[in-house]
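Please walk me through this protein model.

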Amino acid sequence: MVQQVLYRALVSTKWLAESLRSGHLGPGLRVLDASWYSPGTRRARQEYQERHVPGASFFDIEECRDTASPYEMMLPSEAFFGDYVGRLGIGNDTHVVVYDGDDLGSFYAPRVWWMFRVFGHRTVSVLNGGFRNWLKEGHPVTSEPSRPEPAVFKATLNRSLLKTYEQVMENMESKRFQLVDSRAQGRYLGTEPEPDAVGLESGHIRGSLNMPFMDFLTKDGFEKSPEELRAMFQAKKVDLAQPLIATCRKGVTACHIALAAYLCGKPDVAVYDGSWSEWFRRAPPETRVSQGKGGKA
């Protein structure tokens, strides 16, 4: 593993509260609410409008994606991403702090953290503990809409952090990368259905290991310590000194694997953006494993 100084992937609620109180919010520091919830449950944008971290903008993950793709959450183009975040007041020198309001403490924020990194932005952090702990600790909230001054953001895709269907298929033979799936065990095994999915059965890519993303978080919603995370990878026989691809259903919770590995000093985990959503629809049946369908998904 190449030793390099990594930008801090996590900031504390205390640090953010002090930064806001000191007036640091502006071109050098922007805060994003990246909440998203399953249809029919909570309404992310409405909740943002009712209360959010002062100065935070709403990052709409439904808008900032490739809407022409048949798969669920594929990355937008460089130009689209640059324009989108530029309108949120983010330039190439901005420190971006991302959070979400999920009860787990963090759900979609690591996806946006990874999106910035895959588009060449180094100075991005996840709010450790999320909005759940921001509220619990009594930090200020507001319903005031944020109107940041637009900035210029030039996105440059870092292809080393992104894997395509073709690359994962090639890896079935070469086995150059370890492949780790972040979904809950039942969905990985194929014994529980994919939630809110039409025409998508559960199961996993042949050869992938399972590390459910919820296990990276404490019951209080904070990221576990690097020591605990390293022990989790070791228990699954995942070698952090070797190449690693993270996958899930749609490329979202896979980013929790990338974040956990980053906190262990491994910044080069690639995410298979199409993940199971694409693999199930494109890959040969013998590459799909499910205990719920006689061995194949």
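**Salt bridges and a domain interface**

Lys219 and Asp220 form a salt bridge, with their closest N and O atoms 3.9 Å apart. The term salt bridge means a side-chain nitrogen of Lys or Arg within 4 Å of a carboxyl oxygen of Asp or Glu. Lys219 is exposed, with a relative accessible area of 72%. Asp220 is partly exposed, at 31%. Here buried means under 20% relative accessible area, exposed means over 50%, and partly exposed lies in between (1.4 Å probe, protein chains only).

This is a predicted model, in which local features need pLDDT of at least 70 and side-chain atom pairs count only at pLDDT 80 or more, while totals for chains, interfaces and linings use all residues. Residues are numbered from 1 along each chain as its sequence is written, and side-chain values use heavy atoms, leaving out hydrogens and water.

The whole structure holds 17 salt bridges. One of them joins Asp103 and Arg42, at 3.3 Å from N to O. Asp103 sits in the loop between β4 (95-99) and α4, and Arg42 in the loop between β2 (29-33) and α2 (44-50), so the pair ties together parts 61 residues apart in sequence. Helices (H or I, at least four residues) and strands (E, at least two) are DSSP runs, numbered from the N terminus. Asp103 is exposed at 57% relative accessibility. Arg42 is partly exposed at 30%.

Now turn to the domains. The domain assignment, automatic or from a database, gives domain 1 (10-157) and domain 2 (160-289). Their centres, taken over C-alpha atoms, are 23 Å apart. The contact (heavy atoms within 4.5 Å) takes 28 residues from domain 1 and 31 residues from domain 2.

How many salt bridges cross the interface of domain 1 and domain 2? The rule finds 2. Arg111 forms a salt bridge with Asp273, the closest N and O atoms being 2.9 Å apart. Arg111 lies in helix α4 and Asp273 in the loop between β11 (270-272) and α10 (275-282), so this pair ties together parts 162 residues apart in sequence. Arg111 is buried, at 1% relative accessibility. Asp273 is buried too, at 5%.

A network of salt bridges also links Glu72, Asp181, Arg183, Arg187, Glu194 and Arg249.
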